[in-house]
Amino acid sequence: MSRLAKWPPRYWLVVLVVLIFFGLPTQVTSFQSLEWAEVLIFAIVILGLNLLVGYSGQISLGHGAFMAIGAYTTAILVHRYNLNYLATIPIAGLLTGLVGFLLGIPALRLSPLYLALATFALAVITPSLIKRPVGLTQGTDGIEILPQQPPDWASSAFTSVTGGPPMSSDQWLYYVVFFIAVILFWIAWNIVRRRPGRALMAIRDGEVAAAAFGVNIAGYKTLAFGLSAFYAGVAGSLYALATGFVHPDEFPVSLSLGLLVGAVIGGLGSIPGPLLGGIFTFWLPILSGQFVGGQSWIPDQVAAVFKNAGPAVTYGALLILIMIFAPNGVVGLILSAYGRLRSRLRGAGERTTGQLPPDPQTV
Amino acid sequence: MAAAVAFLVMAAACGSSSGGTVATDVGITSDQILLGNTIAQTGPAAAYGTIANAENAYFTYINNKGGINGRKIKFMILDDGYNPAQTVPLTKQLVEQNQVFAMFSGLGTQTQTSVRDYLNAQKVPQLFVATGATTFGLDYSSHSYTTGWQPPYQGESRIYAKDILDNHKDAKLGVLYQNDDYGQDYLKGLKDGLGSSASMIVDSESYDVTATSVASQLAKIKAAGADTVFIFATPAFTIKALATITAIGWSPHEYVNSVSSIATYMKLAEKAGAKVDGSISVGYIKDPTDPQWANDSGMQLYKTVIANCSTCDANNGFNIYGVAVAYTMVDVLKQAGSNLTRANIIKIASSQLNEQNPFLLPGVTVTTTSSDHFPIMQEQVLQWTGDAWHLQGSLVNERGTIK
Amino acid sequence: MTEFAQQVISGLASGGIYASLALALVLIYNAMGLVNFAQGEMAMLATFLAYTLIGRGMSYWIALPITIVVAFAGGLLIQRVIIRPVERAPVLTLVIVTLGLATLVNGLAGFLYGYIPRDFPSPFSVRTIDILGAAASYRDLGVIAVSAVVLVLIYLLLQRTTIGLAMRAAAHHPEASRLLGVRVSWMLALGWGLASAAGAVSGIMVAPILLLEPNMMQSVIIYAFAAAVLGGIESPLGAVIGGLIVGVTVNLAGAYVPGVGGDLQLAVAFLIIIAVLVVRPNGLLGRRAARRA
């Protein structure tokens, strides 16, 4: 009890957020549970991307490709080999992580600019690469995964809380995603505040200095690539389960860009940032299209135009504005506002910069 | 709580499937019928997006005339960007959240495949999907809540095969096709139609949608000695292919698939330098740019209808497609009368259709029976001469050939 | 043999397209050590401007220079408004900003013009001439010729004028240049303006072949990346040679390498990028290690 009393307020905030997400499916519809499951899936892959970009300072514009590996691993294992879907999730993560680790080795030789270029090209060719090995991926036929029914214990526990109908497959999937997300966020948080995280940030902020302190630069950078790909692989696996159908066109270059937008908007170099990034990446295209289209007072032509251009224009404009005005993303804005508020309460003398996450401008 | 409501509504939906004369279902109120649709309005296939707007224009036209038995059609269009990962949640949203009565004219083979099992499990009609993939008409026994509309791609290329066997027995055939189900369906239909003469195909080359040029493929086909080329490609690639054929100094006999043979696009190809005179295609819909329909009552109705869509180009062949399929939809709803249940609607659509559609070529009927679930199976060979398509011979009926 | 010649000729024609966009990439790289991910989209938007002007009845030969001038001003403006605030930021920030710009411009074009492909006039006829039994159209040859002209203009500007000297100095030694009175930031803006103008020429040349629509340049930019990287990303001549090599290689690989086929051509471009970056990061004609990168 006394330890809990010493918890800083942000720990309680984390507990609150976890509880809200835990209880969410009992309060919303089955379909909305699916939507929030997808939000958490995006949060997972953005978290992995953030470990790479925000902490190790290496860029990847091709994380959609890693998601595709995870998704296809799960789809093939479930569809063809009848493996239990839960068992395929870690396999998908580890396999993707291994691929990421191996790609991390040539990536060491590339400057950030060239790495951006190479990963962008990878993102563009991903769909055509998937289409080719038809025997493995079923090409453009796609692979179907049947919905996963909840186990009885979960369904009865759920019904006893809601008093409503039995748990749907989408609600069960939400909980699978939720628990995995909690574990992965916890792991990421532990990594960044311990030795590996400090080593990565040291590398990001200056390789020469980091090397002088005996940090194994090549080792940590490839490890970051592998870890980031692991997160993307797990997310891809869950994405396949949530969608119930994998197809090459589900991994266009715009997916990779959307993930980068999420990472940047949430805040590079922060652990809660990816959750906000996930919410943003999932909801922006849906809201911008449907909300405007649903307002009867907006003329059809304006609405049609907005539907066509809304997400892309908003994505693009936000990326630019955030990089210029708030390079630490939403989390950075909140923290600096909080810091300013606190310093005002405590008197103007105190510096608050210690609260800020590392500035990506120094990457 | 909302989940409980959704369930009750769903239960009600299942319970009311075999109704008496006055029955309704989810998505039907005393003054409204709610239909849902997913289509690409952004991304690589955004050019198709206008189809849904044209469909909505026809529904607006019907609503302005008083609707169907006093009920007005509300049509919800959601943009899936041609990405199945979007189609799935959007379709679930329409079914579970917006509570649509039925899905209508969802566009794309893979996108509609991705939600077919779900819609069938929920017993929500997946009506008149906008794709010619054979599976939507053929797999009725496993997916009885799904129905196609347009002629299947395979049927179309069988007509080409017949044309070759009848009129060009000594041709050497080359095929350019998109490396997906759409292109492969066409290729399969051509091979099946040629049967024992399939060896007439001297080369077939595929391209990916990321390609900037199809010159390499066409040079190979030319070098393989082909004197006839089939272009099973989407509009932009078809135009590029036609222009490239001319640019490599080649003048084979050309077959253009109906997805891309819209007159507007043929004229674009001509402007891009292609010599397209004498090209062959097939059609089943009246071409809005064809002067022979200027005084046709169906075409005049189309022009009236499409005026309800401020963003639609009346000359775009995609739009008359949309209006024509919406006509069938309204026809089905009218036939259902007061028995507006999902089960009744899908029964009419998949096995009781017998419709003369004013936007289709004269003589084409939209027909389904208890043993045949391909609504449109008649097409007519077209030849491009001068500046327009000209109907050749008579309607070809492919009914019963695809098994 | 005829087919081989045809594959090479068609490859050169595509290569001319890649080269023309790669030249624009090289210009910005020379100005500030950055690869502009929005280069293709900016070129596409400029081409739509020309399309609108011509559609309003303006002659092609008047619309062309107007578009180039507007594109130049647009590039300048983009640099002043959105690049300048992050000019000294790490390359990661700059890459993200140009990606944002690419997305924004693509969406904007979709918003203004829709997604239906449009024809665009070309000054070159589609008549063909015979080269070693293979056909080449004047239009394809025209793209290569125009790329060569742009190349010569860029070369003259960078190597033979004071402004070019100042631009190169500003890019390579910004601090020293500042001390010598070179307005470094304006030199960067000039680089963006020139790249944007070169991109506009590229867009106008390729639109008759690729058909004008918002996604026209999305694959081309990857080939242009490959071309620029292969040629040595600082070298304008390298960009043109790189473009032609990429065009021919991709065609030949598609036609003759088993397992590649027509549908994996873009993957060949990707392999070229990776192979060059890992084996010879300075490309064929690059002289020194990339600085900023």
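Author: Two residues are in contact if their C-beta atoms, placed from the backbone, lie within 7 Å. By that rule, 31 residues of chain B are in contact with 34 residues of chain C. Four elements of chain B each supply at least two residues of the side that touches chain C: strand β7 (201-207) and helices α8 (215-223), α9 (235-247) and α10 (263-271). Helices (H or I, at least four residues) and strands (E, at least two) are DSSP runs, numbered from the N terminus. By class, this side of chain B has 15 nonpolar, 11 polar and 5 charged residues. Ala, Val, Leu, Ile, Met, Phe, Trp, Tyr, Cys and Pro count as nonpolar, Asp, Glu, Lys and Arg as charged, and the others, Gly among them, as polar.

Residues are numbered from 1 along each chain as its sequence is written, and chains are lettered from A and ligands numbered from 1 in the order in which they are written. The model is predicted: local features need pLDDT of at least 70, side-chain atom pairs count only at pLDDT 80 or more, and totals for chains, interfaces and linings use all residues.

Within chain B, 5 strands form an open sheet in the order β2-β1-β3-β4-β5, with parallel pairing. Two strands pair if DSSP finds at least two bridges between them. At the edges lie β2 (72-79) and β5 (146-148) of chain B, each of which pairs on one side only. On average, neighbouring strands of this sheet are turned by 25° against each other, direction ignored. Strand β1 (residues 32-39) of chain B runs parallel to β2(B) and is joined to β2(B) by 8 bridges. Along this pair, B:Ile33 stands opposite B:Ile73 in β2(B). Helix α4 (residues 109-122) of chain B packs on the sheet and touches β1, β3 (102-104), β4 (126-129) and β5 of chain B. The direction of α4(B) makes about 155° with that of β4(B).

Axes are lines fitted to C-alpha atoms, for helices over the stretch in contact, and angles run from 0 to 180 degrees between N-to-C directions.

In the pair of α1 (residues 2-32) and α10 (residues 236-256) of chain C, the helices pack at an angle of about 145°, with their axes 6 Å apart. α1(C) passes α10(C) in a right-handed crossing. A crossing is left-handed if the near helix is turned anticlockwise from the far one by less than a right angle, and right-handed if clockwise. The residues of this contact divide into 16 nonpolar, 10 polar and no charged.

The axes of α3 (residues 60-83) and α8 (residues 184-210) of chain C come within 7 Å and cross at roughly 140°. That angle makes α3(C) oblique to α8(C). Angles under 35 degrees count as roughly parallel, over 145 as roughly antiparallel, 65 to 115 as roughly perpendicular and the rest as oblique. The crossing of α3(C) and α8(C) is right-handed, and their contact has 17 nonpolar, 7 polar and 1 charged residues.

Helices α5 (residues 138-160) and α6 (residues 162-172) of chain C pack at about 75°, with 5 Å between their axes. This makes α5(C) roughly perpendicular to α6(C). From α5(C) the contact takes C:Leu157, C:Leu158, C:Gln159 and C:Arg160, and from α6(C) it takes C:Gly164, C:Met167 and C:Arg168. These divide into 3 nonpolar, 2 polar and 2 charged residues.

Chain C also touches chain A, in a contact that takes 38 residues from chain A and 37 residues from chain C. On chain A, α6 (112-131), α13 (253-266) and α15 (300-325) each supply at least two residues. The largest share of that side, 13 residues, comes from α6(A). By class, the side of chain A that touches chain C has 31 nonpolar, 5 polar and 2 charged residues.

pLDDT is the predictor's confidence in each residue, from 0 to 100. Chain B averages 90, with 95% of its residues scoring at least 70. For chain C the mean is 88, and 97% of its residues reach 70 or more. Where pLDDT is low, the predicted coordinates should not be read in detail. Under 50 are residues 1-20 of chain B, for which the model has 31 contacts beyond four places in sequence. In chain C, pLDDT stays under 50 over residues 289-293, a stretch with 13 such contacts.
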